[in-house]
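Subject: Structure handover

Dear colleague,

Here is the structure I said I would pass on. Please look through the sequence and the coordinates first; my notes on the packing follow.

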Amino acid sequence: PYLATHRAMIHAELGDMDPARTYLEDAKADENTDPGFVGLVHATLGEHDEAFEYLNRAMDRKGSTIVSALKGHPAFDSIRSDPRFRELLRRTGLPNL
């Protein structure tokens, strides 16, 4: 699942939206895919509602590794001003995040 999200992210960053979405759908079809990484790709694609849906799933799922990237990863720049993002940061419970 990590490879599919990684490929989706690369294509999204390059502006190749069709392959990005294809790889993203492949990743979403695998139940082992970390929903935080799906949210990351959706944010990169500019799909903010979907990004928050999956980021919230990641917060509900213990062990998601994306939590530590919320504050600094540039893919989240497009959603930082959204009040839902501040709520995600609050939910982490991590100091200085």
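Helices here are DSSP runs of H or I with at least four residues, numbered from the N terminus. With that numbering, S64 falls in the loop between α4 and α5. Please keep in mind that this is a predicted model.

S64 has a relative accessible area of 11%, and because the cut-off for buried is under 20%, S64 counts as buried. What does S64 touch, once its neighbours within four places in sequence are left aside? The contacts are D34, G36 and A58.

Just after α3, G46 has a positive phi of about 85°.

Burial of α3

Of the ten residues in α3, eight are buried, leaving the helix mostly covered. The buried ones are P35, G36, V38, G39, L40, V41, H42 and A43. The elements that cover them include α1, α2 and α4.

α3 with α4

Packed helices are described by the angle between their axes and the distance between the axes. For α3 (residues 35-44) and α4 (residues 48-60), the angle is about 160° and the axes are 7 Å apart. The two helices are therefore roughly antiparallel, and their crossing is left-handed. On the α3 side, the contact is made by P35, G36, V38, G39, H42 and A43; on the α4 side, by E50, A51, Y54, L55, R57 and A58. By class, the residues of this contact are seven nonpolar, three polar and two charged.

α1 with α2

Helix α1 (residues 2-14) packs against helix α2 (residues 17-29) at an angle of about 160°, with the axes 8 Å apart. This pair is therefore roughly antiparallel, with a left-handed crossing. From α1, the residues in the contact are A4, T5, R7, A8, H11 and A12, and from α2 they are M17, P19, A20, Y23, L24, D26 and A27. Nine of the contact residues are nonpolar, two are polar and two are charged.

α1 with α3

How do α1 and α3 run relative to each other, parallel or antiparallel? Their packing angle is about 10°, with the axes 9 Å apart, which makes the two helices roughly parallel. In this contact, T5, A8, M9, A12 and E13 of α1 meet F37, V38, L40, V41 and T44 of α3. The classes here are seven nonpolar, two polar and one charged. T5, A8 and A12 of α1 take part in this contact and are also listed in the contact with α2.

T92

T92 is in helix α5 (residues 83-92). The relative accessibility of T92 is 14%, so this residue is buried. Its side chain reaches the backbone oxygen of L89 at 2.7 Å.

Regards

Note on methods
Residues numbered from 1 in each chain as written. Predicted model: local features only at pLDDT ≥ 70, side-chain atom pairs only at ≥ 80, totals over all residues. Heavy atoms only, no water. Axes fitted to C-alpha atoms, helices over the stretch in contact; angles between N-to-C directions. Parallel < 35°, antiparallel > 145°, perpendicular 65-115°, else oblique. Left-handed = near helix turned anticlockwise from the far one by under 90°. Contact = heavy atoms within 4.5 Å. Nonpolar A, V, L, I, M, F, W, Y, C, P; charged D, E, K, R; others polar. Buried < 20%, exposed > 50% of the residue type's maximum accessible area, 1.4 Å probe, protein only. Polar contact = N/O pair within 3.5 Å; in protein donor to acceptor, adjacent residues only side chain to side chain.
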